[in-house]
Amino acid sequence: MSNAEDSFIRLDDVTFSYREKIILNKVSLKLKKGDSYAVIGKSGVGKSTLLHLIAGFLKPNAGSIYIDQQEIKSVRKNTAFLFQELGLFPWQKVVQAVGMPLHLNKAGKASEIQNRVLSLLKELDLEHLKNKYPRELSGGEQQRVALARILITNPDLILMDEPTSSLDAMTKEQIQQLILKYQQKLKATMLFITHDIEEAVYLGKHILLLKPGGTFQVIENSFYSVPRAREQLGYYEQCIEIRKLLMDGETI
Amino acid sequence: MKLLKRFSKSQLLGFLSFLILWEAVHLLLRTHTVPSPWETIVYSISRIDKLALHSLASLLRILTGIGISMVIGIPIGIYLGVSQKFGYLFSPFLYFIYPIPKIAFLPVFMLLFGLGDTSKVILIIWIIIFQIIISVRDGIAQIPKIQYKVMDSFQASAFQKYRFLIIPAILPHIFTGLRISIGISLASLFFAENYATVYGIGYYIISAWTKMNYVEMFSGIMTIGILGVILYQILDEIELKVAPWNK
Ligand SMILES: Nc1ncnc2c1ncn2[C@@H]1O[C@H](COP(=O)(O)OP(=O)(O)OP(=O)(O)O)[C@@H](O)[C@H]1O
Ligand SMILES: [Mg+2]
């Protein structure tokens, strides 16, 4: 394990296949601690598979994955995963949903957990919804609750599979701002999949373009975390660049 | 629309429309086999203690049956839902037994367990338990995969998966199962209480019938209806307490 100093996530010759279909072939990759990575690539190329491997839901056929110097054999404690479908439980009120991870971790007395939950709900402007069930919430509110549920444990690694794909444009921006704010606040390493190039440019310090077989093209994004990025022309030029790379070799 | 919805839910109104239909039949047939509702109600009130005693006997049998069915049926249903092997093994039996009218087993139970309360309660268990098992199993089958993944992502233990996911997910299904089977158990008690007992609303009706006391008979029929309403009301109240999220 040499020069692992600043690489938080390391894939060493990772191969993964569903039966005979090879998705990732000897993929090696290093991700820096505290940085944010957007994963883009065409549908079916293996983005979700990659994320599930890093989360520990799937195991490589060959090769290893290390996070924070530890080889990943199963789900890791400080990794948070935000699913596209959210997976809120119909029987949990907002406070119960957000408190659940702490109860699962046995992270303290019920009253302490309650206080932590309430202060996070306040920060996310969800306090007035604390006694609502998921079916009583709008899509954006549900998204915020799911976000709160993964943030409550202060993860150092945030994995998200298309976190905003079901939201309207306005709500999407609001959620993206929240994600950015908390990623920086927690100094968390973040890896997220998106089909939205504009989102990749807004949230990703690095953009990983995944190609069939698991080769990557890494694009450095200078518009990550730039104040009012969306009001700058260069931001959209960056989007156009990345779109070109994504479409490269594809006929539309 | 809201008013219509509330109307359809009100059991008092259900009772009223039953009375109106009854009165109409009474007026049309003009026979003493169908007494007037009014006469029956007055009669019932005058003998309320007796009716209450018989209702209580039936209620006790049903509640015991429900209790035992849940204690045995829920774990079996859960095991069926989570264990594929057990599912394959047990499901054919379940599908065979499920559609058979359980009252048909009454003679068997009476031969095996005597004519007394044991065979009556076992009959009720026999009616309710399969419904519970199937409701619980189907409830588990309906849990979306993503909810298990969420539990995995939080490193939940097996016990925690039951506590936070599986048990809450099946609760509403248990109530649905009970709702379906309570009506059938009341109907079946009507037969079962003909044997070896002098208490129970089924016995009350049949004995009135053999005495050709039709007012008494109808007071029993009305009481069975009210008993059903009370049971459903209790069920609704409990569900609202323990599983309020889809109400
Ligand atoms: N459980 C599975 N069994 C077999 N094949 C699978 C399974 N899951 C995914 N695949 C296949 O593996 C490939 C990669 O899937 P993956 O979900 O990682 O793609 P993706 O890049 O996330 O696609 P999308 O952008 O559409 O979400 C696809 O061709 C898919 O059909
Ligand atoms: Mg995917």
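This is a predicted model: local features need pLDDT of at least 70, side-chain atom pairs count only at pLDDT 80 or more; totals for chains, interfaces and linings use all residues.
Is A:R10 buried or exposed?

Residues are numbered from 1 along each chain as its sequence is written, chains are lettered from A and ligands numbered from 1 in the order in which they are written, and side-chain values use heavy atoms, with hydrogens and water left out.

**Exercise 1.** Classify A:R10 and its salt-bridge partner A:D12 by accessibility.

*Solution.* Start with the cut-offs: buried means under 20% relative accessible area, exposed over 50%, and partly exposed in between (1.4 Å probe, protein chains only). A:R10 has 9% relative accessibility, so A:R10 is buried. A:D12 is partly exposed because its relative accessibility is 28%. Their side chains form a salt bridge with an N to O distance of 2.8 Å; the term requires a side-chain nitrogen of Lys or Arg within 4 Å of a carboxyl oxygen of Asp or Glu.

**Exercise 2.** Find out which parts of chain A the pair A:D35 and A:K205 ties together.

*Solution.* First, check the pair: the salt bridge spans 3.5 Å from N to O. Next, place each residue. A:D35 sits in the loop between β2 (21–32) and β3 (36–40) of chain A, and A:K205 in the loop between α6 (197–203) and β9 (206–211) of chain A, so the bridge joins parts that are 170 residues apart in sequence. Here helices (H or I, at least four residues) and strands (E, at least two) are DSSP runs, numbered from the N terminus. Last, the accessibility: A:D35 is buried at 9%, while A:K205 is partly exposed at 34%.

**Exercise 3.** Describe how domain 1 and domain 2 of chain A meet.

*Solution.* Begin with the bounds, which come from an automatic or database domain assignment: domain 1 covers 1–78 + 157–252 and domain 2 covers 89–154. Their C-alpha centres lie 26 Å apart. Then count contacts (heavy atoms within 4.5 Å): 14 residues of domain 1 touch twelve residues of domain 2. The buried area, meaning the accessible area (1.4 Å probe) that two parts lose on being put together, summed over both, is about 1,100 Å², with carbon and sulfur atoms giving 67%. On the domain 1 side, A:L178, A:Y182 and A:L186 lose the most area, together 39% of what that side buries. Finally, look for charge pairing: the rule finds one salt bridge across this interface.

**Exercise 4.** Characterise the interface of chain A and chain B.

*Solution.* Step one is the residue count: chain A gives 26 residues and chain B gives 19 residues. Step two is the area: about 1,900 Å² is buried, of which carbon and sulfur atoms give 68%. A:F89, A:W91 and A:L104 supply 34% of the area that chain A buries against chain B, more than any other three residues. Among the elements of chain A, α2(A) gives the largest share of the side that touches chain B, four residues.
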